[in-house]
Structures are given as C-alpha cells and as structure tokens.
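Look at the side chains in the structure shown here. The report below goes through their ring contacts and their charge pairs.

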Amino acid sequence: MVLDEYFEGKLVRIEGGTVRPQGVPRWYVDYGSLSVRGQLYAADSPGLCSGATVTIEAPVQDWPDGYFVVSDYSSDLTMLDQAGCGQ
C-alpha cells in the first residue's frame, strides 16, 4: 500500500502501528514495511512513548514530502499498548 492522491482526504485506519517520537508533541506511527507513516500532533498526549503500539484513524493529507495519515487529536488513537516502550 502506498499513500497517494487517491487517498487524500479519506479516513485511513492503521492498526498496530509503532510509535516513534519526533519531538513532543509530534510523533510518527510506523506500520511495518509499508510506505505508511502517521503523524500525531496532540496537545494532550495520551501517554505515548517510543516503542508503544497503537491504532490510529485519521485522514490522509498531502504534505511537501508525501502523503501521510495526520491526526491532531488524541481521540484518533485507540488500542494503546505501552508494553514495548523504551525498546
């Protein structure tokens, strides 16, 4: 799966993505080897930590460096599992 203009504005769900920090409150959510990267800009961080797994559901947006699933709200996150934090 590659995000492109077809997905722009559409709601996408990534299950079991791995959280990686990019400077709080900015986080990336990587999903396996696919070309999918979610970004979360949440003022009220829901306990995210590097290595946690999460499900994110948010729209695809066009950015200068590609198309991304972008969330501004912690309510877009579910199934937060902090077992992998710090690993």
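What follows describes a predicted model, beginning with the rings and then turning to the salt bridges.

## Ring contacts

A search of the whole structure finds one aromatic pair. Its members are Y6 and F7, whose ring centres are 5.1 Å apart and whose planes stand at 85 degrees, so the pair is edge-to-face. The angle decides the name because planes over 60 degrees apart count as edge-to-face.

Y6 also has a charged neighbour. The charged end of K10 sits over the ring of Y6, at 4.2 Å from the ring centre. Y6 is exposed, since its relative accessible area is 56% and the cut-off for exposed is over 50%.

## Salt bridges around R13

Side chains of opposite charge can pair when their charged atoms come close. The structure holds three salt bridges. R13 takes part in a bridge with E15, where the closest N and O atoms are 2.8 Å apart. R13 has a relative accessible area of 45%, and E15 has one of 47%. Both residues are therefore partly exposed.

R13 also forms a salt bridge with E57, and here the closest N and O atoms are 3.3 Å apart. This pair links distant parts of the chain: R13 is in strand β1 (residues 11-21) and E57 is in strand β4 (residues 53-63), 44 residues apart. E57 is partly exposed, with a relative accessible area of 32%. Through these contacts R13, E15 and E57 are linked in a network of salt bridges.

## The bridge between R20 and D30

Which residue forms a salt bridge with R20? The partner is D30, and the closest N and O atoms of the pair are 2.6 Å apart. R20 lies in strand β1 and D30 in strand β2 (residues 26-30), so the bridge ties together parts that are 10 residues apart in sequence.

Are R20 and D30 buried or partly exposed? R20 has a relative accessible area of 28%, which makes it partly exposed. D30 is partly exposed as well, with a value of 23%.

## Summary

The ring of Y6 pairs edge-to-face with the ring of F7, and the charged end of K10 sits over the ring of Y6.

Key:
Residues numbered from 1 in each chain as written. Predicted model: local features only at pLDDT ≥ 70, side-chain atom pairs only at ≥ 80, totals over all residues. Heavy atoms only, no water. Phe/Tyr/Trp six-rings, centres within 6.5 Å; stacked < 30°, edge-to-face > 60°. Buried < 20%, exposed > 50% of the residue type's maximum accessible area, 1.4 Å probe, protein only. Lys NZ or Arg CZ within 6 Å of the ring centre and 35° of its normal. Salt bridge = Lys/Arg side-chain N within 4 Å of Asp/Glu carboxyl O. Helix = DSSP H or I, 4+ residues; strand = E, 2+ residues; numbered from the N terminus.
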